[in-house]
Amino acid sequence: MRLTAFPRYLARLPHSPRDLFKALLVLFVAGPVIVGGTAMATFLFVPLPAVVPDPIPGATAETSHVYACPRGAPCGPDNPDKFLIATFHAEHNRQLIKIGAMPEHLQKAAVAAEDARFYEHKGFDPKAVTRALIADLRARATVQGGSTITQQYVKNTYIERPKRTIFRKVREVLIAYQVEKDKSKSKILEGYLNTVYFGKGAYGVEAAARTYFNKGASELTLSESAQLIGLIPAPVRYSPYDNPEEAEARRIFVISRMEELGMIDAATAQQAKDEIPQVAPPKEEVFRFPWFVDGLTKSLQRSKEVGSQRLYSGGLRIYASVDTVAQETAEKIVAETLKRDDDPHGVIVAVEPGTGFVRAIVGGRGYDARLKFNLATQGNARPGSAFKTFTLIAALEEGLAPSRSFRAPGVLRIKGWGNDCSCVHNFGGRGYGRLSIEKATVNSVNTVYAQMIQNVGAEKVVDAAVRMGIKAETLKGDEKNAAIALGGLTRGVSPLEMASAYATLAANGIRHEPRFFTRIEDSTGDVVLEGPSEPVAALEPNIAANANQILTKVITSGTGKRADIDRPAAGKTGTDQDFNNASFVGYTPDLAAMAWLGYLEANKPLARVNGVRNVTGGTIPAQMWAEFMKAALSHIPPTTFEEAGKISRKADDAFRLPFKPRPSPSPTPELSPEPPPESPKPSPSPSPVPSPTFEPSPLPTPTPTTLPEPDE
């Protein structure tokens, strides 16, 4: 027979004198024999702990909190305007607090309701057990428990998956006895109030106070404390949400018990009874800035200093790097630009060049926690000609000056350019005669870049991209892929990587890994991580300065005119094959950002979006980028880029062609200049061109559009 069933057995006995004698015999003779025998068996088979066991997993798990701060001040513990945007916890929502932070009336309420002789016993109270048995007999049900606060603390903290058996109860008593030897009463009460369950997922008084009253435990009134303590025996039965009448009766009982034990006087008790607590309405756990929190979560789960377990149970205090104005602006732009159900998804992500701090991130049209997919951090976006920047960097590092010219026909045939296709097209088939690297970049001329990569090699383009911030695994397999010059990647690249890589240019060649926080503290206030990520010299400053000078002209006179923000800025448009993706990546010395459009479910053309017939990087993405940057930089005075010096030409033997010689890849001999078309009228659709082996191809081949500026 289980110990918990014993009172119910006695309660079922008839109340005749003879049966009452039997009940007393069982209570005072058989009871001690059973308990004594069980204790002896436990001593034989369950060794007395010489020391208190280690806490079970989850017993000390503590909720982590994420804070953001208004723009203009460092975000840290000393910022009085910080506000909570997210919490992280597994099954235990808990925030540990010291006994000194708990109101005295809260502590007294716990003792009065749960263990009146707490300060007198040594972990086990025979009087309480006897009193509970008698009460259960009178009520013919189990109405009182005989466990002390110490025993309850032991059950919550040291006993794995407790089952209500007599052996578990005896072991509980043995450990409680050891705990009483090792810890003070105040420490035991502190541990108990930090581990006991209050319902609604709240473990401990701090989480309970915030769940039921939307305040910290230190702010609880006597009446509120009684309400919380009243929950402990049966959090569902006494829930003020589910059973308000029983919850109220239980609150009154706790206050009356405190008065009965002399902990409060009659006047105080009556005043507390009259003050009915206003329970906060139940709320779902909703993150503010969910796209940012999603990116933060994934980055910390991968972090060796944090990891998933510490994030969800370590009681961390995380101060986010988010710029609240920039984040709200990005969310508004995507929502207002892409309103229709059949519109594509939009992404905006911004990184601070000198620190790596992620200031804003939107990873789709609308956040859906069930989808758990963030296009800004996880998406394999097709960057199109925005990837040409890395070819430009590789060319500059090889000594090709911005003034170096190449022939620029509308169509260039290069043997071996893909298995099935030897043609490279400019946008609309337009020819330019002969162009410098600078002008070819400004106008995004594919045929020039196809020749440039033969001078520098795909391996060097990959190397430059990785140094600047693109992950090596992203470009795995592209070391021999000539189409990488035009953005024809084997797999896509995340917008966060692209924004981070362009931030390296903005920082004069210094790379910082993206970081979603400015400071992380553990539950004791010690710093886990703080400040910007480590700076890494990725490019020579003069290489970065020359690239900045060229990419500035993309905005002032090239394909990115819609990205003009009335301050020094640089960037690059990008459009994928058949207009399937479109992007603009740009930066100032203070902020780098990418705006991207595309469909999540399938590669399909961005046609007739917001009235634009075929979306290119120089249309909607450039406009989104400009609108975002104006708001994000509104509090920062304009800054200029560093002056560019001359590019030193390397020796001829420094060049290594990674491919077999092709007909006419080099700028010599010159071609006769091809006059530009009289006007940007659309031309007839060209014959279908077989796709290269990479998927998808970066070269759009649809009918040209009547855009005011050519793009890829």
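Strand E3 (residues 317–320) and strand E11 (residues 517–521) pair in the antiparallel sense over four bridges. Strands here are DSSP runs of E of at least two residues, helices are runs of H or I of at least four, and both are numbered from the N terminus; two strands pair if DSSP finds at least two bridges between them. Within this pair, arginine 317 stands opposite glutamate 521 in E11.

The model is predicted, so local features need pLDDT of at least 70 and side-chain atom pairs count only at pLDDT 80 or more, while totals for chains, interfaces and linings use all residues. Residues are numbered from 1 along each chain as its sequence is written, and side-chain values use heavy atoms, leaving out hydrogens and water.

E3 and E11 belong to an open sheet of five strands, ordered E2-E1-E3-E11-E12, with mixed pairing. Its edge strands, E2 (83–88) and E12 (527–530), each pair on one side only. From one strand to the next the twist averages 20°. Helix H12 (residues 290–302) lies across strand E1 (64–68), E2, E3 and E11, and runs at about 50° to E2. Contact means heavy atoms within 4.5 Å; axes are lines fitted to C-alpha atoms, for helices over the stretch in contact, and angles run from 0 to 180 degrees between N-to-C directions.

The structure holds one disulfide, a pair of cysteine sulfur atoms within 2.5 Å. Cysteine 69 and cysteine 75 form it, with their sulfur atoms 2.2 Å apart. The link is right-handed, with 75° about the S-S bond. Cysteine 69 counts as buried because its relative accessibility is 4%, and cysteine 75 is likewise buried at 12%. Buried means under 20% relative accessible area, exposed over 50%, and partly exposed in between (1.4 Å probe, protein chains only).
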